[in-house]
Amino acid sequence: MSDRGELRRTPLYERHLALGARMVEFGGWEMPVQYSGIIDEHRAVREAAGLFDISHMGEVEVRGPDALPFLQRLVTYDVAAIPPGQSNYALMCLPNGGIIDDTFIYNLGDSFLIVINAANTTKDVAWMHECAKGFDVVVTDVSERTGMLALQGPAAEALLTRVADADLAALPFHGVARGVVTGIPAIVARTGYTGEDGFELFVAAEDAARLWDELLDAGRDAGLKPCGLGARDSLRFEACLALYGHEITEETNPYEARLGWVVKLDKGDFIGREALQRIKQEGVQRRLTGFEMVGRGIARGDYEIRDLDGAPIGRVTSGMPSPTLGKNLGMGYVPVALSTEGSEFEIVVRDRPVRARAVKMPFYRPRYKK
Amino acid sequence: MAFATPAELQYSKTHEWIRIEGDEATVGITDYAQDALGDVVYVDLPQVGTRFEADGVFGAVESVKAASDLYLPVAGEIIAVNEALINTPELINKDPYGEGWIVKIRVAPGVGALMSAEAYAAFVDSIKH
């Protein structure tokens with residue numbers, strides 16, 4: 001992509017170097033891919049807790065009298081069903097139903113906070129400004145001044161209880177509130193991208209390093225480990241959470257990506273509604289499908305998928321050896337007829353077709369707070 | 001961090017090492033390569049008897065995150081593969097120049113461009129910065 005010299009750095013860049021992280025380019029940012037090792041960090045999150053720097057994510061503030069009607073037009077989910085103090089996953093779609101980005105919308109009562117993908121921030125913000133015309137609303141890209149950390153894993157709640165206002169650790173699933181964590185003003189949400197219980201914390205960029213240090217310190221005895229983008233990817237993969245640019249793109253629609261639950265056709269008009277209604281009526285041709293490798297080999301993003309007669313039928317979107325399940329798993333788009341559990345097809349691994357079998361998604365059942 | 005580069009071996013730009021003894025040779029990946037790759041979880045080994053040109057892809061080593069092709073530093077025929085790697089691929093991380101060897105080959109005449117340990121260490125230094 002861009003020259004390494006042009007890569008952006010989060011407020012925690014120096015911390016990552018000091019912890020011996022391996023740094024890589026991701027979405028225009030120089031980010032830690034691992035510290036102690038992907039498998040070690042992955043296990044820490046499944047069994048104890050992990051701390052991730054996700055300050056590369058984009059954050060957009062939406063406020064004003066028309067904030068709700070604007071968001072209702074912008075995304076596929078019913079934003080009126082997200083009360084103050086709650087949040088939900090939502091998609092921004094093109095008029096043809098293709099996915100511009102997947103987002104998380106937090107209702108803060110006086111405003112909405114929209115979290116978007118780092119690599120899409122410029123595109124998304126331009127699109128949101130374009131769509132805001134005619135609405136009495138202020139759309140502000142606050143990415144630069146916002147630090148974002150994810151504290152994930154079964155030990156996250158107990159850790160937060162020790163360092164934050166009591167009501168924060170007691171937030172319900174997808175709940176969000178303002179409060180104080182290790183003496184630092186923060187927005188705290190019970191959300192994440194790992195398939196575990198946990199929290200995401202938004203703070204002023206200048207407070208991010210202090211929050212990082214305090215949390216790592218407070219969590220050391222409980223097994224908290226700094227985790228990089230490698231474990232973030234393997235964790236979300238096991239929970240079958242979509243990654244933009246892989247499972248979802250402008251060329252995929254929510255129904256084939258198994259995200260129909262995020263599309264609320266009856267909430268009133270929104271961008272992409274007509275196309276999505278038609279796609280739903282006509283039915284999809286292909287579907288995102290989870291599979292397990294039957295033969296020896298590991299599927300990777302963009303590998304070709306063939307039917308058992310050798311004809312190309314699709315592409316892998318993500319694939320890797322699952323650290324928790326000990327199997328070589330993958331996701332990819334295949335024709336609907338081959339998308340049901342038990343269907344067999346082949347993944348082309350370095351010119352060699354390797355048998356794979358469709359399995360139930362998600363691979364790992366998320367353990368969210370009820 | 002300094003990576004081990006044993007003086008008696010020769011090296012390729014794609015981070016394989018080769019120990020040539022007469023017309024036979026042993027091939028593996030370097031300490032730098034195993035560190036850059038992270039935990040090796042799978043090794044794709046070639047069939048014994050297969051012939052490869054110099055720089056031909058003879059297999060792959062894979063971590064959770066990525067697959068990395070293996071290039072044969074010189075032309076030759078595979079005469080043995082390290083079958084211990086099938087069940088314990090982490091030998092590549094633990095002992096890249098010893099128990100983590102990957103294949104043995106019969107070297108074809110006309111050995112190509114290889115680097116000495118000193119030249120390889122300088123090369124790794126240049127790509128790290």
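**Chain B, element by element**

From its N terminus on, chain B of this predicted model runs β-β-β-α-β-β-β-β-β-α-α-β-α, where helices (H or I, at least four residues) and strands (E, at least two) are DSSP runs numbered from the N terminus. Local features need pLDDT of at least 70, side-chain atom pairs count only at pLDDT 80 or more, and totals for chains, interfaces and linings use all residues. Residues are numbered from 1 along each chain as its sequence is written, while chains are lettered from A and ligands numbered from 1 in the order in which they are written.

Me: What percentage of the residues of chain B count as buried?
Reply: A residue is buried if 20 or more other C-beta atoms, placed from the backbone, lie within 10 Å of its own. Of the 129 residues of chain B, the share that counts as buried is 40%.

Me: Is B:Val61 buried or exposed?
Reply: B:Val61 has its place in strand β6, residues 57-62 of chain B. Because 26 other C-beta atoms lie within 10 Å, B:Val61 is buried.

Me: Which residues is B:Val61 in contact with, leaving aside its neighbours within four places in sequence?
Reply: Two residues are in contact if their C-beta atoms, placed from the backbone, lie within 7 Å. With those neighbours left aside, the contacts of B:Val61 are B:Ile29, B:Leu37, B:Val40, B:Val43, B:Ser68, B:Leu70 and B:Ile92.

Terms used. Buried ≥ 20, exposed ≤ 12 C-beta atoms within 10 Å, placed from the backbone.
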